[in-house]
Each structure stands twice: as C-alpha cells, then as structure tokens.
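Subject: Structure for you to look at, with notes

Dear colleague,

Here is the structure I promised to pass on, with my notes on it below. Please read them with the sequence and the model open beside you.

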Amino acid sequence: SMSLGLPDTTRFRDEPAGMSFLPEYVARPSIGYAPDNYGRNLFGGATMVLGDMLDDHRVALSLAINGRLSEARVYAAFSDLAHRWQYTAGVAQSPFYFLTGDSVESATGRAQGIEHQEITTYVARQVYGLTSYPFNRFARVELGGGFNNIDRERWFISRSLTNGISVSPFTFDSTRRDPTLNYLDAQAAYVFDNSLYTPTGP
C-alpha cells in the first residue's frame, strides 16, 4: 500500500542460518506381506534425503526389507558441504545371498530323489567416513576409511523329486553360523573429472 512506509532496515537482526532439515527427495514407500517356508514374510522400503536451506548439510535415510528385519538393507549418512574440507559419515547394512551347494540323493518310495541346497547369507555392516578437498572445479583429493562387520550363515533346504520333477516345495532343514568377519579399510585417491553432465554422460 502507498500509505504504508517501508520497514526500518536498521531494526533488522542478523542471525545464523540453523540446520533445519526439510525433505528434498522422498521415494514412494511400499510395504507388503507374503508368507513363505523360510520365515521371510515382510517386504517394503522407503528412502528420504533431507537438506537445509543453504544445502550445506544433508541427511540420507533408506530402508528396504526383503523378508526379515535382520536382513534389511539400511543406509543412513550425514554430509557437511559448508567448508572447503567436505565430509560424509554414515552406517550401512546390506545382505547378500549365494547358492553354494546343490546335490540330489537317491531315495526310496514314490519320491525318487531328494534335492539338497545350501544357501549362504552374508549380512555386511559398515561404519565409514569420507572427506574430500577440491583444488578447483575438476580436481580433488579424497580420503576415507571404515569398519566392516560381516555375519555369515548357511541355510540347508531340501525338496522331493520324481523323475527329475519337483513334487514338493523346498522345506527348511537347518542353519549353521560361520565365524564373523571384522576388518578395517582405508582409501586415498586423487580425482580429476572434467566431464560434462549431459543426457549421454558422464
């Protein structure tokens, strides 16, 4: 309004911008339930990235369940981009599955054979930190390290066969836990990247 004067700028106060995080990216969450013979019933996941007003700090959170909470894929990280030395710290968990054994033994009766399978599960957990120092827009040095923990477990399952054709679903027989692996890792790199971000690269 022309009848109202502008505010007195000498009465403005300068205050530092705080780290008030707001969502910047949210993946569509999903959830489901599907019973099976191995105790893996719950499925779903969600991902969210949060940042402050100046985009100097970011928080990334992600969770994906593929059957059991103990084998969920989890990621949480915090990044500080406000200074020349930029750093990221986080924790992660990722499950991996391998078919490490498959054999068929002869059996009497209607089922002419029994197929045995061995499935190995690795649940890798990591606590890590990464820092980088840019010399210019294209070159930087990166340093990082972390602690890793890997739980190993073997599942033994079996099913009946007749003339090479399955006549029953796989059933759970037993499990065996192998020794846990613990180790440290470290990285150092000089990175030069002058590629342009386009639909075909980098």
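A residue is called buried when its relative accessible area is under 20%, exposed when that area is over 50%, and partly exposed in between. Please keep in mind that this is a predicted model.

By that cut-off Arg 159, at 24% relative accessibility, counts as partly exposed. Arg 159 forms a salt bridge with Glu 115, in which the closest N and O atoms are 2.7 Å apart. Because Arg 159 lies in strand 8 (residues 139–162) and Glu 115 in strand 7, this pair ties together parts that are 44 residues apart in sequence. Glu 115, for its part, is buried, with a relative accessible area of 8%.

Glu 118 pairs with Arg 154 in a salt bridge whose closest N and O atoms are 3.8 Å apart. Since Glu 118 lies in strand 7 and Arg 154 in strand 8, the pair ties together parts that are 36 residues apart in sequence. Glu 118 is buried, at a relative accessible area of 17%, and Arg 154 is buried as well, at 19%.

Arg 125 forms a salt bridge with Asp 151, with 2.8 Å between the closest N and O atoms. This pair links distant parts of the chain, Arg 125 in strand 7 and Asp 151 in strand 8, which are 26 residues apart. Arg 125 is partly exposed, with a relative accessible area of 29%, whereas Asp 151 counts as buried at 18%. Through salt bridges that share partners, Arg 125, Asp 151, Glu 153 and Arg 177 are joined into one network.

Strand 7 (residues 113–134) also holds Ile 114, which counts as partly exposed at 25% relative accessibility. Val 127 is in strand 7 too, and is partly exposed with a relative accessible area of 47%. Together with Val 91, Phe 147 and Leu 184, Val 127 makes a nonpolar surface patch of about 380 Å².

Elsewhere, Asp 55 lies in the loop between strand 3 (42–51) and strand 4 (57–67), and is partly exposed, with a relative accessible area of 29%. The side chains of Asp 55 and Arg 58 are joined by a polar contact of 2.9 Å. Leaving aside residues up to four places away in sequence, Asp 55 touches Glu 24 and Leu 81. The C-alpha atoms of Asp 55 and Leu 81 are separated by 7.7 Å, although these residues are 26 residues apart along the chain.

Methods
Residues are numbered from 1 along each chain as its sequence is written. This is a predicted model: local features need pLDDT of at least 70, side-chain atom pairs count only at pLDDT 80 or more; totals for chains, interfaces and linings use all residues. Side-chain values use heavy atoms; hydrogens and water are left out. Helices (H or I, at least four residues) and strands (E, at least two) are DSSP runs, numbered from the N terminus. Buried means under 20% relative accessible area, exposed over 50%, partly exposed in between (1.4 Å probe, protein chains only). Contact means heavy atoms within 4.5 Å. A polar contact is a pair of N or O atoms within 3.5 Å; within protein, one must be able to donate a hydrogen and the other to accept it, and residues adjacent in sequence count only if both atoms are side-chain atoms. Patches are made of residues with over 30% relative accessible area and no salt bridge: like charges are joined within 9 Å, nonpolar side chains (Val, Leu, Ile, Met, Phe, Trp, Tyr) within 5 Å. Accessible areas come from the Shrake-Rupley method with a 1.4 Å probe; for residues, only the protein chains shown count as cover. A salt bridge is a side-chain nitrogen of Lys or Arg within 4 Å of a carboxyl oxygen of Asp or Glu.
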